[in-house]
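Dear colleague,

I am passing on the structure below, together with some notes on what turned up when it was examined. Please read the notes with the structure open beside you.

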Amino acid sequence: MAEAQAAPRTYTLYEARKRIHPQSVKGKFRSIKWAILWVTLGIYYLLPFLRWHRGPHEPSQAVLIDLANGRFYFFFIELWPQEVYYIMGLLILAAFTLFLMNAVAGRIWCGYLCPQTVWTDLFLWVERVIEGDRRERIKLDAAPWTAKKIGQKAAKHALWLMIAWWTGGAWVLYFADAPTLVKALATGEAPLVAYLWIGILTFTTYVLAGFMREQVCTYMCPWPRIQGALTDEHSLNISYRYDRGEPRGSVKKSAQLKAQGLPAGDCVDCFQCVAACPAGIDIRDGLQMECIQCGLCADACDAVMLKLGRPTGLIAYDTDANIKRRMRGEPPVYKVLRARSLLYAVLILGVGIAMLTALATRSFTGLSALHDRNPIYVTLADGSIRNGYTLRLLNKRPIERRFTLEVDGLPGARVEAVGAVEARDGKPILTVGPDRTEEVRVLVFGPQGAHLDPSTPIVFRIVDLASGETASVADLFKAP
Ligand code: SF4
Ligand code: SF4
């Protein structure tokens with residue numbers, strides 16, 4: 001019934017922005033949004049200052065992206081550039097989680113967790129504190145410029161810029177030791193690139209959260225377009241329950257209709273849901289691309305219903321299928337567990353288990369080899385053959401370690417490491433500093449007088465003298 005009444009929506013390539021002045025609301029969704037906002041912002045601004053002791057040679061910042069040394073530190077995890085697949089795994093996990101959230105409850109990411117939503121909410125809060133709620137802001141914007149208006153606008157923009165600057169400032173703290181960088185920034189001794197990034201992020205935060213707001217979600221973000229393919233009729237979405245709301249009308253009109261035995265809906269056409277919407281849309285027109293599923297219209301409507309003594313939930317998380325079922329007189333059915341959501345959950349579990357297993361069994365020792373290209377072998381005066389290699393040893397532990405080096409696959413062969421001053425049982429001992437890689441030139445001498453194939457597979461192996469941990473790499477021993 002309401003579907004037939006909904007006005008057709010038109011989209012143009014470019015539309016001049018109509019300024020939106022969302023009304024503040026109170027309710028369960030608003031409370032959830034406040035809680036998420038303060039928790040996520042708290043984490044973002046304070047996390048760089050959290051300390052995590054890793055040992056004397058390691059940085060003590062819990063979360064640090066150390067670009068200079070190619071390390072990513074996350075509490076007890078330290079990733080090397082060779083382990084970038086963990087980051088890929090995390091991105092895949094994040095994508096599946098987003099898909100699952102969408103399949104279960106539509107764009108809840110957009111409405112509650114997306115940085116664009118969180119910062120826009122914060123900026124709106126500042127605007128309300130300084131300029132007042134919806135009505136005062138509309139009045140202020142239409143009023144001529146006076147000293148009071150200039151003062152209010154200046155105060156708002158100054159606060160916005162301060163928040164934006166803090167946002168940019170916090171970002172760079174993830175890339176260096178936070179307390180040291182804060183001091184350097186304050187004394188003007190920080191690297192130029194830090195100031196540049198703070199400037200860029202201050203500008204983008206100020207513009208995106210202060211001015212562009214819902215336009216980012218509607219025009220710039222690809223997610224609203226993608227989510228259509230990830231949603232089905234059983235996905236929960238903020239919906240106007242037209243089965244209950246229509247036909248709309250004032251309390252008086254609805255009483256008259258009911259007195260005549262005619263149907264009357266619960267919607268009193270007060271437009272409180274529209275006034276509260278940060279996207280400036282009317283949810284009663286049906287699910288729309290602009291809707292970020294924040295639930296503020298539901299809070300606004302619940303307040304109206306409570307005042308009228310009618311049941312809340314005229315606007316609520318519901319499914320299209322249920323609205324249609326209720327119109328047919330059937331009870332609603334909620335299918336959170338269905339093929340789509342189960343598939344995403346299984347994929348999340350699979351990727352999560354694979355990542356945890358890889359993390360739990362990751363090696364802290366690594367070895368790679370590069371055979372000399374020219375000459376590929378040398379025939380010595382005594383007739384024996386010598387091959388040269390460059391070995392790279394990886395020590396991912398925060399302590400200095402000593403390894404013996406041996407070679408397998410060529411009985412009677414002897415191995416020498418250039419610069420090694422110690423040996424054990426004829427095996428050179430190589431030392432690698434904490435959390436370091438070490439490049440070593442290695443010479444392998446084939447057994448004297450033996451007939452050798454032109455290409456013999458060999459294996460280099462290093463063994464940690466303290467823990468017994470090993471790493472090996474295969475290569476070839478070349479001969480004429
Ligand atoms: S229609 Fe409701 S849920 Fe959608 S953006 Fe507006 S207030 Fe949020
Ligand atoms: S707030 Fe509720 S009652 Fe008011 S117009 Fe919106 S849906 Fe109707």
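This is a predicted model, in which local features need pLDDT of at least 70 and side-chain atom pairs count only at pLDDT 80 or more, while totals for chains, interfaces and linings use all residues. Residues are numbered from 1 along each chain as its sequence is written, chains are lettered from A and ligands numbered from 1 in the order in which they are written, and side-chain values use heavy atoms, with hydrogens and water left out.

I begin with a sheet. An open sheet of three strands runs in the order E1-E2-E3 with antiparallel pairing, where helices (H or I, at least four residues) and strands (E, at least two) are DSSP runs numbered from the N terminus, and two strands pair if DSSP finds at least two bridges between them. Strand E1 (63-66) and strand E3 (77-79) are at the edges and have a single partner strand each, so one side of each is left without a neighbour in the sheet. From one strand to the next the twist averages 10°, with axes taken as lines fitted to C-alpha atoms (for helices over the stretch in contact) and angles running from 0 to 180 degrees between N-to-C directions. Four bridges hold the antiparallel pairing of E1 with strand E2 (residues 71-74), and isoleucine 65 has phenylalanine 72 in E2 as its bridge partner.

The domain assignment of the protein chain, which is automatic or from a database, gives domain 1 (28-229), domain 2 (233-327) and domain 3 (365-478). The C-alpha centres of domain 2 and domain 3 lie 75 Å apart.

Next come the aromatic rings. Rings of Phe, Tyr and Trp (its six-membered ring) pair if their centres lie within 6.5 Å, and planes under 30 degrees apart count as stacked, over 60 as edge-to-face and the rest as tilted; a search of the whole structure finds 21 such pairs. One of them is the edge-to-face pair of tyrosine 44 and tryptophan 119, at 5.4 Å centre to centre and 85° between the planes. This pair links distant parts of the chain, with tyrosine 44 in helix H2 (residues 28-46) and tryptophan 119 in helix H5 (residues 115-131), 75 residues apart. Tyrosine 44 and tryptophan 119 are both buried, where buried means under 20% relative accessible area, exposed over 50% and partly exposed in between (1.4 Å probe, protein chains only). Ring pairs also link Tyr44, Tyr45, Trp119 and Tyr174 into a cluster.

Now to the ligands. The residues around ligand 1, counted as near if one of their heavy atoms lies within 4 Å of it, include Ile238, Cys277, Cys291, Gln293, Cys294 and Cys297. By class, this shell has nine nonpolar, two polar and no charged residues, with Ala, Val, Leu, Ile, Met, Phe, Trp, Tyr, Cys and Pro counted as nonpolar, Asp, Glu, Lys and Arg as charged, and the others, Gly among them, as polar. Glutamine 293 has a positive phi of about 65° although it is not a glycine; it lies in the loop between H14 and H15 and is buried, with a relative accessible area of 2%.

Ligand 2 has around it, among others, Cys267, Cys270, Phe271, Cys273, Arg284 and Cys301, and helix H14 (272-276) and helix H15 (296-308) are the elements that give two or more residues to its shell. That shell has eight nonpolar, one polar and two charged residues. Phenylalanine 271, in the loop between H13 and H14, also has a positive phi of about 65° without being a glycine, and at 43% relative accessibility it counts as partly exposed.

Strand E4 (residues 237-240) is covered on both faces, with Asn237 and Ser239 on one side and Ile238 and Tyr240 on the other all buried. Four bridges join E4 to the antiparallel strand E5 (residues 315-318), and serine 239 stands opposite alanine 316 in E5.

Finally, two peptide bonds deserve a look. The bond from glutamate 246 to proline 247 is cis, with omega near -5°, and proline 247 is found in the loop between helix H12 (242-245) and helix H13 (251-259). Asparagine 374 and proline 375 are also joined by a cis peptide bond, with omega about 0°, and proline 375 lies in the loop between strand E6 (365-371) and strand E7 (378-379).
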